[in-house]
Amino acid sequence: MNDFQFYAPTRIIFGRGTERQVGTLTADCACKKVLLHYGSGSVKKTGLLDRIKASLEEARVPYVELGGVVPNPRLSLVREGIALCKREGVDFLLAVGGGSVIDSAKAIGYGCANDFDVWDIFEKKRQPTACLPIGVVLTIAAAGSEMSNSAVITNEDGWKKRGSNSDTCRPRFAIMNPELTMSLPPYQTRCGCADILMHTMERYFTNGGNMDITDSIAEALMRSVVRNALILERNPADYDARAEIMWASSLSHNDLTGCGNGGNDFATHRLEHELGGMFDVAHGAGLAALWGTWARYVYKDCLPRFKKFARAVWQVADDGTDEDIALKGIEATEAFFRQIQMPTNMRELGIAPTDAQIAELARKCAITTGDNLGSAKVLHEADMRAIYEAAR
């Protein structure tokens, strides 16, 4: 095992009706004015936004609003939010939504608390020294941004999708009511389950040392996501399955499943970031479309981990060679994606990149990662291009 640090300061308020506590929780943060940040009309249609406003008003917490966050959240709205917060004297951000809304709020928080252009953070030119405090009312179980130190933003100028990591952006609290996810379209639930699995697998498939208890947590989390995702295929209103998936979302990306591991991989994520930037695809679906191809490209360089994954998560029989067992685990993962109607290649994702676009995707990914990506197998631009080509 490797030395590690673990930091998870977010207070979790989990259960039915917990969104009604948001006014008290926000007031306890001693803020003067809140930016209420959200996405499309769903929070309005379900009455959630009205309940949150009522709770803030009851607690006498002033607020201003900024909606309009879209999947793969845009830098232009972040800039609009920064200007609004500075103009209105906002000192606390309340994100109502899923990962896109939370990431947008984090970027706004960076832009308000640092005296340089926020995009410099995502281009890795500058490191944030602070972030406005953030609270979350979670409506989508997927990204895990409610407990993570990460944020991903898309710049429409060049359609660059870039991520940043800093403990300064970890939310102060996250309200998690599984009932709020029941109004989601099935596709969003499925994409969320794929993303949760991937956050765990990105930390699991590493070279350089692992910790048995961390592996056990990760394997149990992955088994639980698979089991409950299939329950939700049959019964989308199953509260317990929604609760399991929602909690798994947080645990998959708060770094718990990476403790003691020899570094993270996150190659599939970085490859998908370029795909999402160019084609604006749903993040979880993009990950599912690339993962199997990535896995077949790297598994021989990380064979013990792939064998362990196949045995522990998919209960693949210990018959045949290590390679046979590893490949059966990859096949089982892809079969699961198909069960929940997720794509396993770009064609199923609904895109058909040209050779020129494939070359551009690989070039951008290589530039962003310093032409050195991954832990299961270190990838360079030629490797990235080969994975994109094989995933078509």
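**View 1. Ala282 and its contacts.** Ala282 touches Tyr187, Cys191 and Glu272, leaving aside residues up to four places away in sequence. The model shown here is predicted. Ala282 lies in the loop between α10 (267-279) and α11 (283-298). Its relative accessibility is 26%, so Ala282 counts as partly exposed. Asn72 is 210 residues away from Ala282 along the chain, yet the C-alpha atoms of the two are separated by 7.7 Å.

**View 2. The whole chain.** The protein chain has 16 helices and eight strands. Its radius of gyration is 20 Å, close to the 21 Å that the globule rule gives for 392 residues, so the chain is as compact as a globular protein of that length. Along the principal axes, the C-alpha atoms fill a box of roughly 65 × 40 × 40 Å. Of the 392 residues, 58% count as buried. Among contacts with a separation of 6 or more, 77% join residues 24 or more positions apart. The accessible surface comes to about 15400 Å². Carbon and sulfur atoms account for 48% of that surface.

**View 3. The six-stranded sheet.** Six strands form an open sheet in the order β1-β8-β5-β4-β2-β3, with parallel pairing. Which strands stand at the edges? They are β1 (11-14) and β3 (63-66), and each pairs on one side only. On average, neighbouring strands of this sheet are turned by 15° against each other, direction ignored. Strands of a sheet pair through backbone hydrogen bonds. Strand β2 (residues 34-38) pairs with β3 in the parallel sense, over four bridges. Here Leu35 stands opposite Val64 in β3.

**View 4. Helices packed on the sheet.** Helix α3 packs on the sheet and touches β2, β3, β4 (92-97) and β5 (134-138). The direction of α3 makes about 160° with that of β3. Helix α4 (residues 75-88) packs on the sheet as well, touching β2, β3 and β4. For α4, the angle to the direction of β3 is about 165°.

**View 5. Ser55 in helix α3.** Ser55 lies in helix α3, which spans residues 48-58. Is Ser55 buried or exposed? At 7% relative accessibility it counts as buried, because the cut-off for buried is under 20%. Leaving aside residues up to four places away in sequence, Ser55 touches Glu19, Arg20, Gln21, Val22 and Gly23.

**View 6. An edge-to-face ring pair.** The count of aromatic pairs comes to 15. One of these pairs is Phe14 with Trp247. The ring centres of Phe14 and Trp247 are 6.3 Å apart and the planes stand at 80°, so the pair is edge-to-face. Phe14 counts as partly exposed, at 34% relative accessibility. Trp247 also counts as partly exposed, at 34%.

View 7. Phe205 and Phe306 form a stacked aromatic pair, with 4.1 Å from centre to centre and 20° between the planes. This pair also links distant parts of the chain, 101 residues apart. Phe205 sits in the loop between α7 (186-204) and α8 (212-234). Phe306 belongs to helix α12 (residues 303-314). Phe205 is buried, at 0% relative accessibility. Phe306 is buried too, with a relative accessible area of 0%. Which residues make up the cluster linked by ring pairs? They are Tyr204, Phe205, Trp291, Trp294, Phe306 and Phe309.

Conventions: Residues numbered from 1 in each chain as written. Predicted model: local features only at pLDDT ≥ 70, side-chain atom pairs only at ≥ 80, totals over all residues. Heavy atoms only, no water. Helix = DSSP H or I, 4+ residues; strand = E, 2+ residues; numbered from the N terminus. Buried < 20%, exposed > 50% of the residue type's maximum accessible area, 1.4 Å probe, protein only. Contact = heavy atoms within 4.5 Å. Pairing = 2+ DSSP bridges. Axes fitted to C-alpha atoms, helices over the stretch in contact; angles between N-to-C directions. Rg over C-alpha atoms; globule rule 2.2 N^0.38 Å. Areas by Shrake-Rupley, 256 points an atom, 1.4 Å probe, with all protein chains shown as cover. Phe/Tyr/Trp six-rings, centres within 6.5 Å; stacked < 30°, edge-to-face > 60°.
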